[in-house]
Amino acid sequence: MKIRRISAMAAPVAVGALVLGACSGPETGSEIEEDTSVSVGWNQPFYSQNNLTSVGNATTNANVLYLTNAQFNYYDGDLNLVKNEDVGTYEKVSDDPLTIKYTINEGVKWSDGTPVDAADLLLYWGPQDDDFDNVQPEYDEEGNVTNQDAIDAGVYFDGSSVAMTLINDAPEISDDGRSVTLVYSEPRSDWEVSFQPSPVAAHAVAKLALGIDDAEEGKQAIIDAFTENKTEDLSKIAKVWNSSFDFTSLPDDESLYLSSGAYVMSEYVENQYMTLQARDDYEWGPKPKVSSITIRYTEDPLASVTALQNGEVDLIQPQSSVDVIKTLEGLDNIDYTTAPEGTFEHVDTIMNNGGPFDPATYGGDAEKARKVREAFLKTIPRQEIIEKLIKPLQEDAETRDSFTVVPGSPTYDDVIANNGSDAFAEVDIAGAQALLAEAGVATPVSVRFLYGKSNVRRANEYQLIAASAAQAGFTVVDEGDDQWGSRLSDTASYDASLFGWQSTNTFALNSEGNYVTGGLNNFGGYSNADVDQWYVDMATASGDEEKELTTNIEKQLFADAFGVPIFQFPGVVANRSVLKGVSTIPLSPTIFWNYWEWEISADDSLDAPTATPAATEETEG
């Protein structure tokens, strides 16, 4: 699994404390109450059914897919990994080599009635196994692909998983077509969360890519393409897999949004809302109690609170701010809780785009580029951001000083004491200027800075960063964009970015895809052989050895001026009192994790909540 980049909100989390009380396990036999609906406010619209691509790997997509996709396991309210044996089973066949057998239960099916089976499991492995790629896109300074003919003729899947790439031989498929057996070339401590059924249906991919209408024939063609390495078919499959499942309103072709889970999309109006309807035939997992869930989208946190106040939504997890909290305090019939979350804000630099942080800009001089990166990062006003934007929401807020470990975790203090983060504890304008002088780089140095433009807190962060960096000779160019998520992989269009990472599991390897060479989330082109090896070693490490490897990795990231972490997100979850069963966890999918426990109370005739007018003030977060 990978760390997800989060949208502009401040509430998704990584590993940390619960925000609301944990709930009991799922009830698979609960009855759906007809014509009941829960409306959830979220900040960024869904845009891809395939969250395994570099573009689709985002929290807003993961939320919807959690409601619509079958999974072998999930995290409960206490962050225990729970097997969903109504979907299927998995068992470790061997430790040496690591061998795992996954089986989909009979009766699990897509929303068009087609069984979910081994072909859909294979489609999780193949596109993320880098060994199938025989070409990589190359870009010009404007971000245009310069080798499109080679891409069209070759095989390139815009997805990557270190775990899936360790499966060198095609998985063995059982005679009944419902099991696959994976043999890893190296051990993986996180194997239990490294594999799931595909979020897109194999027979749908076959129809779109290979023109095969018959579902069984299409699934066999997918299996043959990967197990026999049929380059021509894989080339067509890759093109469809990469982008055909991206959409911002409900497609006419239902094969683009097939569901293998409890809900299926029934309506999607671009930039406004999505409605998901409970499936009548769903029996392989936690059974929901409400017949539909509508997710309503707005970037404005106060607009989310207003929608909650007016009864337009029942549940929100907006970016926390002074105004948001004050307004919630004045509302009747509203329950809300605040707590620090696990998601963390960070600035990353881009090292592969011909910009100011790329060695290619200086004739391949890696040390010169590193000094320019370090100079820029020394100007990031981390403490000022905490004081002005975060402490008004959380009095004891401090900077986060680790790339991979959550504050409060048992190893956090030891890691930050030895990882080199102290070099960026305070703004050092003189030090930044000295580094630029040592590098022989003339000022001003232009840095194009990408962030979520409509996000108030991020806009304020940008202003503070730009003002501070200017003192050292950097001109920070405003690349604020509401479509920042889809631009992260287009590194030719920016030089540094500001966004948040949200964890999907509790394993130390969860951060691997951010920092290893060629990792799915390693947008900046960072590559260090030692870091790559330490992550390999991490796969079998535990205890003190794991802490030592983590410290080594972070020390190298700081030394190489990869970027800087800034703060943990302060969070808030609020819901109308008539909505029961609300809980959240500090991992994706946060408030959606126990959707099957949501229900509208018997006393659902309560009027929409009313507000006691509160004094307004300009919010800084």
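The model is predicted, so local features need pLDDT of at least 70 and side-chain atom pairs count only at pLDDT 80 or more, while totals for chains, interfaces and linings use all residues. Residues are numbered from 1 along each chain as its sequence is written, and side-chain values use heavy atoms, with hydrogens and water left out.

With a relative accessible area of 32%, Val162 is partly exposed, a term for values between buried (under 20% relative accessible area) and exposed (over 50%), using a 1.4 Å probe and protein chains only. Leaving aside residues up to four places away in sequence, Val162 touches Arg188, Glu512 and Val516, where contact means heavy atoms within 4.5 Å.

The structure holds 36 aromatic pairs. Rings of Phe, Tyr and Trp (its six-membered ring) pair if their centres lie within 6.5 Å, and planes under 30 degrees apart count as stacked, over 60 as edge-to-face and the rest as tilted. The pair of Phe449 and Tyr462 is tilted, because the ring centres are 6.0 Å apart and the planes stand at 35 degrees. Phe449 lies in strand E14 (residues 445-451) and Tyr462 in helix H14 (residues 456-470), so this pair ties together parts that are 13 residues apart in sequence. Both Phe449 and Tyr462 are buried. Elsewhere, Tyr66, Tyr74, Tyr263, Trp593, Tyr595 and Trp596 form one aromatic cluster.

Charged side chains can be followed through salt bridges, each a side-chain nitrogen of Lys or Arg within 4 Å of a carboxyl oxygen of Asp or Glu, and the count comes to 24. One of them joins Arg576 and Asp314 at 3.3 Å, N to O. Arg576 lies in strand E17 (residues 563-576) and Asp314 in the loop between helix H8 (301-309) and strand E12 (315-316), so the two tie together parts that are 262 residues apart in sequence. Both Arg576 and Asp314 are buried.

Another salt bridge links Glu438 with Lys371, whose closest N and O atoms are 3.4 Å apart. Since Glu438 lies in helix H13 (residues 429-439) and Lys371 in helix H10 (residues 366-378), the pair ties together parts that are 67 residues apart in sequence. Glu438 is exposed, with a relative accessible area of 52%, whereas Lys371, at 18%, counts as buried.

Terms used: Helices (H or I, at least four residues) and strands (E, at least two) are DSSP runs, numbered from the N terminus.
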